[in-house]
Amino acid sequence: MYPSTTTQGGVNKDYPQITFEAGQAKSIKSLTLNRFSNFLGGHYASHNLSSALVTTRTDASSAVKLEVWSPKAGEKPSFEEAKRGKYRATKKGERFGPSWSNHWFKITLNVPKEWTKYERVQFEFDPGCEGLIYTPEGLPIHAIVGGTDNLRRVEYVLSQKARGGPHHIYIETSCNGMFGVPQGGAEIEPPDPNRYYTLDSADLVVPYLPAWHLMWSFNLLVQIAQNDSASSPLSERALRAANDIINVFEADDPERTIALGNKIAEGLLGEGWQEEGEKVWEKGGEKSKAEAKLWGLGHCHIDSAWLWPFSVTQQKVARSWSTQVDLMSRYPEHRFSATSAQQYKWLETLYPLLFDKVKGKIEDGQFGYIGATWVEMDTNLPSGESLCRQFLYGQRYFKEKFGKICDTFVLPDTFGYSSQLPQIARLGGSKHFFTQKLSWNTINNFPHTSFNWVGLDGSQILTHMTPVDTYNAQADFGEVKKGANGNKNLEATGDALYLFGNGDGGGGPTPPMLELRRLRALGNNNRDVPLVRMGNQMDDFFEHLRTSTDNGTKLPNWRGELYFEVSRGTYTSHGSIKKGNRKSEILLRDVEYAATLATLVGKDKAYVYPKEQLDECWENLLLCQFHDVLPGSALEMVYDDAEKYYAAIFKSCSTMLEAAFQALFPNSSSSLLDASSSSSGKIFGVNTSRVARREVIEVDLDAKKKDSALRASVAQVSKDGKKGWLIVDAKAGEGVAEVKGVFAETFEKGVTAKDLGGGEFSLKSNSIELKVADGRITSIFDVELGRELVPEGTTGGFVIYQDIPNYWDAWDVEIHHLQHSPKHLKFTSVSVKENGPLRASLSVKIQVGQSHIEATVSLDAIGASLKKDARSLIRFETEVDWRERHKFLKFELPLDVQAVDATYETQFGTVSRPTHRNTSWDVAKFEVCAHKFADVSEFGYGVALVNDSKYGHAVEGQTMRLSLLRSPTSPDATTDQGHHTFAFAIYPHVGSFLESDVPQVAYAFNSPIHLRYLKESSSSSKLLASSIVNTSFTVEGARNVIAETIKRGEDDDFTVDSFKNGKNVIVRLYEAFGGHAKATIRVAGLNVVSATLTDVLERPVGSALLARAAGLGSDDTLIDLNFRGFEIKTLKLTIGEKFSSRDKDSEWVRIERR
């Protein structure tokens, strides 16, 4: 007899001895996970949860009236223009195009009266491409992203007011996807110019919200089951709950079974969690807040141009930011952040109503402007001054529009980070830095999450790299786990940033992402789930990080550059763009210097400093330094725009420069044709580089006029009489440079070019001899030291490598390109072009494939600088007609110089990198970025490669390489195809780099002296004598300190030419070699009223400076400045009315405190 079983309320309380059931089978996780994919969409869409997502929909003409106006392709009309467009009827199924065209829809919505009972009604509009919804008043209110992927955003939620009667909206659609219109399957392929898109949906829809909530809960449970530890209790519970939801769902009884499903989800999320709304983030009080280490922040990285042009980015900004403003009303905890002052200015200019909305959200603290800079720029290629201007223009814009500068500098997607950024960012007003790009490294895993990044000069900035390794997180459980467990500095802090939202092409967070509430509810009820906190901005995170780590003292330090082990090809791709950047930077520097002097000592009192024109030029240049434009990784149409910007900068700067020179030198001319037609007058130069120099300059001659002033000034004339060479002496360092006659020693030690026979040629000066044999450089011989620089058995010259990256064509050059046998190009033609005595040159030509290379290789009789032992530069003036594909053109030079490190110029200084491959960190740097020079030195001697527009370099063992041209085919199929001109030079020097004058030589190589002609008159000599030759800002006592920039102060009043309130002059200087210096700044010919050190934003730093007179009765002012290695200093001088005479009884000038 079996024992009896007691019951209570019909439920067995005792464990039964006998069972007749088969029992529950152990879950087979892989099969269950596979089952989950069938619960949404797909083949079973009419039987699974997808069948219940919509209660009803209609596209009846009584509910939805559609009209369209299609402007001409290429036009981008404003809203006001679109309202006046001629609209016609349209319907679903119509196709619109071609690529990049814009189409405007005028839509009238009438919600059926029987729909008043529904909680939500929305308009679903899917044009297959991007779009933007406007109110009839022209306010952008929501983005449209058509298609079928996870970027899709096609719903517009109607307010109660909109549901009450006819509701009118406009929608601008743009015929491109979120990532342009790439051909084929890869997103980086060149664009399809003829893409058309179909209007797939234009319906009023009633979503069944409980079904949507169940879908979001189900997705979270699946994420947990997939991403949590396989055997964790949480994973098993999530697996069971998701499976149970599927089991209870019945497509023919959705209301009841969906309620059951949501109840099952509450088993993990907590009973009644959904009614808590945004208060779910507050549950648990201060304890939960302290445990919430992952700081969630909505973000939208928008490339200012990439796989789309600048004009499309302007639309993307409005689409993305209007949507986030809308979401903030539905999710009060939502905080959003966006960078780039340029994008805010676009919004302000093109979408002023939306700008006002954004400004309101900024004031409310929901919308965070971050980044500090004009754009998210590349940091390898721009000059140091350009990086300063990124902060100057960015921070001034933010301060003017929103009342405060940015504390946090943000560059999440840039291809490496210069070692001077910590100093420049701190001088630019930023205390923190956020990025994540180094997570892409392919060789070495960067070891830190939060750390102090220390720059060249010792400046540090508190830096964080999100452990989630993306700025485009999708707000899922796997990312949250990674953010909590992937932090590399848990010994100091567990706090980390979690930036979520669609990016690159814009978009930002979506409603499903903001259902992060579920993750917090899960964490509130399951303590092993990492807690996310919401409601804070990026500055809040960094302030917490700073205080919780005792001002960063608990964190590790990383010194030097943050080298990116990918995208090394961006140092070279699109050579013409890099040349445009370099030339524009130098031209703007020259204009600012000349214009400053013109306002101080110019003869034309009506002259006004061209601040507005300069601002426009700078803003356009800074825009083109965006990290997918200047690096060469954007579409062809982007470079069409960039070339127009550079052309406009050149035109405007040329006009401004001529105006300034006319104010300084009335009746002078930049055209030497005038000197060719006159036998009188004076030719002189203006040295804007502030580097003492004596140079040979080539000029065009009129062969028929042999008695002209120009012909009389040249020291050497070409055989055909069409070219001449002048010696221009600017030994004073700045101001007027004199055209000298031929120095006796020049002829005594003249330079020669010889055809030695047998295919051998030579160029020889008193210091250097170059030999070419069998089409290659076989010898560079230091005549004075009797030293051969090219190792025996090796040669130098042009070389081509195969260039086939693994995927990122325009971006990458892989290490395996060095493993493929290079093709060492030989000069197919060599001839003597000029035979001295001032300049000797060889003409060399190379034919390779469909490409043609010509170069003039020259040597001057004088040294490259005024340094006593300066050697002559070996110059290569190069023209290339480049027609190759996936080939990499370089110049290489093997050297008999032993060095374990090479020195490369970076912004405001140099950086040393290994020439060997001892470690994986060394191996990774097989291609590196440098600016005007790279140098290899040993004790007593060195050689530098100097260039005028190139950035890619390598020194491997004893071989130097300068990268010249690439030829990738995506995303721009025409990259680098066509005609190029550039120059580079070999500069041997006595002494190591630290003993050399390489920075000054490279500076001069990039900064041509401006030649001018002044007609002979009684006042000519007096004019030059009283000109800027007597006004200067020179550095004395420290050859390692360089004055980079001289400009007027940003806040000066340029509308009047008066010294009444003082005229401010900004002088930016830096220490170039990495050591301390005590420099004296001599200001000649000006009345210095006050002197102050400032930051890059021109805010005072410290007390006013004390200056002194150069001597009794002298009008010169001397200011002493102490520098640490690679330090940048900005000196602000206030200039008053010119004094008649300084107090003869005192050598000191008390500079007032300001």
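Q: Which residues have the most contacts inside the largest nonpolar core?
A: This is a predicted model, in which local features need pLDDT of at least 70, side-chain atom pairs count only at pLDDT 80 or more, and totals for chains, interfaces and linings use all residues. Residues are numbered from 1 along each chain as its sequence is written, and side-chain values use heavy atoms, with hydrogens and water left out. A nonpolar core is a set of buried Ala, Val, Leu, Ile, Met, Phe, Trp, Tyr and Cys residues joined through side-chain atoms within 4.5 Å, where buried means under 20% relative accessible area with a 1.4 Å probe, protein chains only. The largest such core has 256 residues, and those with the most contacts inside it are Phe-123, Leu-1131 and Leu-1133.

Q: Which helix gives the most to this core?
A: Helices are DSSP runs of H or I with at least four residues, strands are runs of E with at least two, and both are numbered from the N terminus. The element that gives the most to this core spans residues 636-664 and supplies 12 residues. It is helix 18.

Q: What percentage of the residues in the chain is buried?
A: The chain contains 24 helices and 60 strands. Its C-alpha trace spans about 130 × 70 × 60 Å along the principal axes. Of the 1154 residues, the buried share is 62%.

Q: What percentage of contacts between residues at least 6 apart in sequence joins residues at least 24 apart?
A: Contact means heavy atoms within 4.5 Å. Counting contacts in the chain between residues at least 6 apart in sequence, the share that joins residues at least 24 apart is 75%.

Q: Is Ile-169 buried or exposed?
A: Ile-169 is found in strand 12 (residues 167-174). Leaving aside neighbours within four places in sequence, its contacts include Phe-105, Ile-107, Phe-123 and Tyr-156. Its relative accessibility is 1%, so Ile-169 counts as buried.

Q: How many Å separate the C-alpha atoms of Ile-169 and Thr-135?
A: Ile-169 and Thr-135 are 34 residues apart along the chain. Their C-alpha atoms are separated by 5.1 Å.

Q: What is phi of Ser-340?
A: Ser-340 lies in the loop between strand 16 (336-338) and helix 8 (341-350). With 2% relative accessibility, Ser-340 counts as buried, and its contacts beyond four places in sequence include Ile-370, Trp-374 and Phe-398. Most residues other than glycine have a negative phi. Ser-340 has a positive value, near 80°.

Q: Which residues of helix 8 are buried?
A: What covers the buried residues of helix 8 includes helix 7 (310-330), helix 10 (384-402) and helix 17 (611-624). The buried residues themselves are Ala-341, Gln-342, Gln-343, Tyr-344, Trp-346 and Leu-347.

Q: What is phi of Ala-475?
A: Ala-475 is found in the loop between strand 21 (460-465) and helix 12 (477-485). Ala-475 is buried, because its relative accessible area is 13%. Its phi is positive in a residue other than glycine, near 60°.

Key. Buried means under 20% relative accessible area, exposed over 50%, partly exposed in between (1.4 Å probe, protein chains only).
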